[in-house]
Amino acid sequence: MEVGESSGARLSEEEIWAKLVPPDSRYSEVNIRSDEILVCSEIRSSSADKQEWCKISRNSDLCTATMQNVSSHTILVNETVVHDEDTIVIKCGTEIIPGPDREGYLSYRFKVMPSPEICKKKLNISVDVEHAKCSICLNIWHDVVTVAPCLHNFCNGCFSEWLRRSQEKHSSVLCPQCRAVVQFVGRNHFLHNIAEDILETDSSLKRSDEEVALLDCYAMIRSNLVIRSGKSLPRKRAHLPVDEESDDIDLPCPQCGTELEGFHCNQNTVHLQCQACGGMMPSRTDISVPQHCLGCDRAFCGAYWNAQRLTRSNFHPVCSSETFKPISDCSISRIPEAVHEKNQHEQDITKRCIIRMGRTLQDVVSDWIAKFNNREIDRTRMPLNHAEMITAATYICNDCYDKLVSFLLYWFRISMPKDLLPPDASKREDCWYGYACRTQHHNEDHARKRNHVCRPTRGINM
């Protein structure tokens, strides 16, 4: 078995199939060459001493590895506690902390390097690199978007800037590649993955960090946009009262037919489609009212039409403000179905705990939202996008609010002393696989007899 140390010396000719990469560039990467390696590297941020702390063995699928803790203390793998001599499966992106706590210890990311063997196990798709380039910047797509009906593809940032300039000129939005009139644009996640694979295969095609940051700064397409033609649109009546709006197909939203709060759409206005009611609203950057849920990046119209003082429309779907509002304004009276991985026994225990405390579900959730807002909770497993940006004042949709409540009730339970649990619940042993246990979903007896509101302590696919 080979002993692997932090890189720094001249690399051997043997292929490096994986690495342990520290986020802090002051520390060296650990290069992994053999199929089984004893890792010897720095583990503490306060010391440059190297210690042997884990053994990594390559698995037969060539994409994962089995890691064994060979240190004298526990280590953390994606927040899972791994005890001395225990093993766990790791894959590309897994976070490993060679100690029992983040405080004072380094962290590493396990990175699997591309290899011919791995490529053979994947579906081979022949893509000409020239066909994966944005015709605006002539580089590989970054956060690719597709326009319709011509179906050409561009970087989100590049096309967003093209769209902005077209709107400033009050002209039709034409495809930069074929000059067809664009009626629709949306992000293309399938092509995004292909672009990532191309860049992983040929790193020379990658942009600099500064270029990527600039593109991300320009990007404004988060959900599907409906774009109207720049030609003058016929209207049956101009500036109609709200209750007499035209049902003309060229008037997709209430502000296309009349002025509300000092704004009405013109022929160049880009529209968003609400994910709740399916109605349209103008995409606007000149107001502070959010039009996208930060938790899922989907568009919702409730807050926008509430700000425009429009509560109903005879010809257009319009959401209630209750469908999309700040976290601090949301209320809850029932435990969401997804809480505790849909384990109804755990949900019942949580409900009984709240009753024993003489409190309501809303009281408990409000307390934990305050802790969340004060950053007293680790957000690593939070099931929402942009987790670090979310506060109590953030607007989110009802689905994301239920996910947030599920996350907070997990912390409520694991923070509760055992003597405050109902007697039948306090006597249960923790399931080795914790919240990640799959048996709890199909074995009623196991779901009831073991506690699953806990962290995994045995090897699982992370």
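Helix 2 (residues 156-168) gives the largest share of the lining of the second largest pocket, namely 6 residues. Helices here are DSSP runs (H or I) of at least four residues, and strands (E) of at least two, numbered from the N terminus. The model is predicted, with local features needing pLDDT of at least 70 and side-chain atom pairs pLDDT 80 or more, while totals for chains, interfaces and linings use all residues. Residues are numbered from 1 along each chain as its sequence is written, and side-chain values use heavy atoms, without hydrogens and water.

Let's stay with this pocket. A pocket is an open set of points on a 1 Å grid over the protein atoms alone where a 1.4 Å probe fits, with protein on both sides within 12 Å along at least five of seven lines; lining residues have an atom within 4 Å of a point. In total, 21 residues line the pocket, and Gln 167, Val 270, Ser 283, Arg 284 and Thr 285 lie nearest its centre.

| Class in the pocket lining | Residues |
|---|---|
| nonpolar | 7 residues |
| polar | 9 residues |

Ala, Val, Leu, Ile, Met, Phe, Trp, Tyr, Cys and Pro count as nonpolar, Asp, Glu, Lys and Arg as charged, and the others, Gly among them, as polar.

Now for some aromatic rings. The whole structure holds 8 aromatic pairs (rings of Phe, Tyr and Trp, the last by its six-membered ring, with centres within 6.5 Å; planes under 30 degrees apart are stacked, over 60 edge-to-face, the rest tilted). One of them, Trp 17 with Phe 110, is edge-to-face, at 6.2 Å centre to centre and 75° between the planes. These partners sit 93 residues apart.
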